[in-house]
Structures are given as C-alpha cells and as structure tokens.
Amino acid sequence: DDNSIKAFMSQKQNDRYEIGVRYDYSKPFYVLHPHRLEVQAWNLLLGAYLLVDVVYLPLTMAFADSMDRELQSFMSVITYVIFGSDMVLQFFLQVPSPNGEYWLFNHRQIVFIYLRGNFFVDLISIVPFDVVYDMIVGVPDNSVLLALHMLRLVKLLRLTRLVRILQKYKYSVSISSMARALLQSSAMVVLTLHLMACGWCTVGIYQSGTTWLSV
C-alpha cells in the first residue's frame, strides 16, 4: 500500500539497497543474481586477473620482443577465455534498477541494457590489433609497429570491469569515503607512473636513430 511505499522510500539509500539485495523467485533459472556464491567467486577471480593484467599489459607494450613467446601466447589465451566468458555472463546477470531499489530479472531487458551500455567497451578491450594487422597487411615497419604497441593501451578499457565489480559491492564493504578516495588516488598514481615508464621505453625502442636508450 501507499504507507509501505512511503516507509520504504524514507529509508536511507544503503538500507533500501540492502533490502533490494535478494533472490527473486519469479526470474528465469538462467538469470543469475550478482550475489550468488558462484558469481562472487567469479568476480574475485576476474578482479585478481585484472590486477595482474594492468601490470602485464604495459610491459608487453614495451618489452614484447624480449619476453618469452610461450608466456605471451599463454596469457593471450587466458585473457580471451576469461574476458570472453565474462562478456557471456553479462547477458545473464541481474542488474540493479535505475534507482538501485531492486534487481531487474527480465532477461530481454538485461541483454538490452548490456548491449546499450558496456558491451562495445568490453569488445574493443579484447581485440588483438597487432594480430589483425598481420593478417591483413603483413609484417609492419617500425612506425606502424610502434602505433600497434600503443594501441594495446586500448585494452586497459578492461579496467572498467573492475570499476563495475567494485560498484556492485560498494555498499557491502564498510569503508569511509575518505579511505575510498585515498585508495583510488593511490592506485591511479601508481598506474599512471607504470604506464608512463612503459610508454617512454616503447618510444625509445621503436624510434629510429639515436634515442635515450642508446645514449
């Protein structure tokens, strides 16, 4: 009734969100709730791999020629399997309503929201630009090779997955806004320094003539 709705809406956002965290028995069996144990275990695996990937990816941009080929092939296969599987999962994963008060369980609506939202970003983040170029054109020269290595940075769009995972659990983790902001700022500084170092090294390796690496 109206009084129940008013009482519900008068609660704090965190409380309303917690009330909305439930399994809806009217949903299809193939639609999964984000708080299922299996989904949370998957998110933990995905988050851990993203932390490894954000360190590994810039290193491949700078030192791909000197890195072990078998390691690179293994990491590529693992990347496509993990992120490809996660893209498939998103088509069956419940999402919060726009106001965060309940979970959407209509499969067609879930698919539409994903296709309209993060699908394109997720797809671009796993495209192997260097492999596609080799298949179409062949062996590139140094200038094109440098551009292809820089394009690998587009794969850092995978970090949006980590942001989405953290967004789902931000109400479940008791942490102050100041501590959250400090952690986010520290992570951004470390990531920026890592990218700058690997990018500067990449330019020195593939730039023709005398570079800072040869001095």
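Which residues have the most contacts inside the largest nonpolar core? The legends below start with the whole chain and then reach that core.

**Figure 1. The whole protein chain.** This is a predicted model, in which local features need pLDDT of at least 70, side-chain atom pairs count only at pLDDT 80 or more, and totals for chains, interfaces and linings use all residues. Residues are numbered from 1 along each chain as its sequence is written, and side-chain values use heavy atoms, with hydrogens and water left out. The protein chain holds ten helices and two strands. Helices (H or I, at least four residues) and strands (E, at least two) are DSSP runs, numbered from the N terminus. Their order from the N terminus is α-α-α-α-β-β-α-α-α-α-α-α. Of the 215 residues, 33% count as buried. Buried means under 20% relative accessible area, exposed over 50%, and partly exposed in between (1.4 Å probe, protein chains only).

**Figure 2. The largest nonpolar core.** A nonpolar core is a set of buried Ala, Val, Leu, Ile, Met, Phe, Trp, Tyr and Cys residues joined through side-chain atoms within 4.5 Å. The largest one here has 15 residues. Leu46, Tyr49, Leu50, Ile82 and Phe83 have the most contacts inside it. Helices α3, α4, α5 and α9 each supply at least two residues of this core. In soluble globular proteins, nonpolar side chains tend to be buried together.

**Figure 3. Phe83 and its contacts.** Contact means heavy atoms within 4.5 Å. Leave out residues up to four places away in sequence, and Phe83 touches Leu46, Tyr49, Leu50, Asp53, Ile126, Arg158 and Arg161.

Figure 4. Helix α3 covers residues 37-63, 27 residues in total. From first C-alpha to last, α3 reaches 39 Å, close to the 39 Å expected at 1.5 Å a residue. The expected span is 1.5 Å times one less than the number of residues. At Asp53, α3 bends by about 30°. The bend is the angle between axes fitted to the seven residues ending there and the seven starting there.

Figure 5. Helix α4 has 22 residues and reaches 32 Å from its first C-alpha to its last. Its buried residues are Gln72, Met75, Thr79, Ile82, Phe83, Asp86, Met87, Leu89 and Gln90. They cover an arc of only 155° around the axis, so they sit on the same side of α4. The arc is that of the directions from the helix axis to the C-beta atoms. The face turned away from the buried side carries the exposed residues Arg69, Glu70 and Phe74.

Figure 6. Tyr56 is in helix α3, and Gln72 is in helix α4. Tyr56 counts as buried because its relative accessibility is 14%. Gln72 counts as buried at 12%. Apart from residues up to four places away in sequence, Tyr56 touches Met67, Leu71, Gln72 and Met75. With the neighbours within four places set aside, Gln72 is in contact with Tyr56, Ala64 and Met67. Tyr56 and Met75 are 19 residues apart in sequence, and their C-alpha atoms are 9.2 Å apart in space.

**Figure 7. Arg161, a buried residue in α9.** Arg161 lies in helix α9. Its relative accessible area is 1%, so Arg161 is buried. Not counting residues up to four places away in sequence, Arg161 touches Leu50, Phe83, Asp86, Met87, Asp122, Ser125 and Ile126. Arg161 and Asp122 are 39 residues apart along the chain, with 8.0 Å between their C-alpha atoms.
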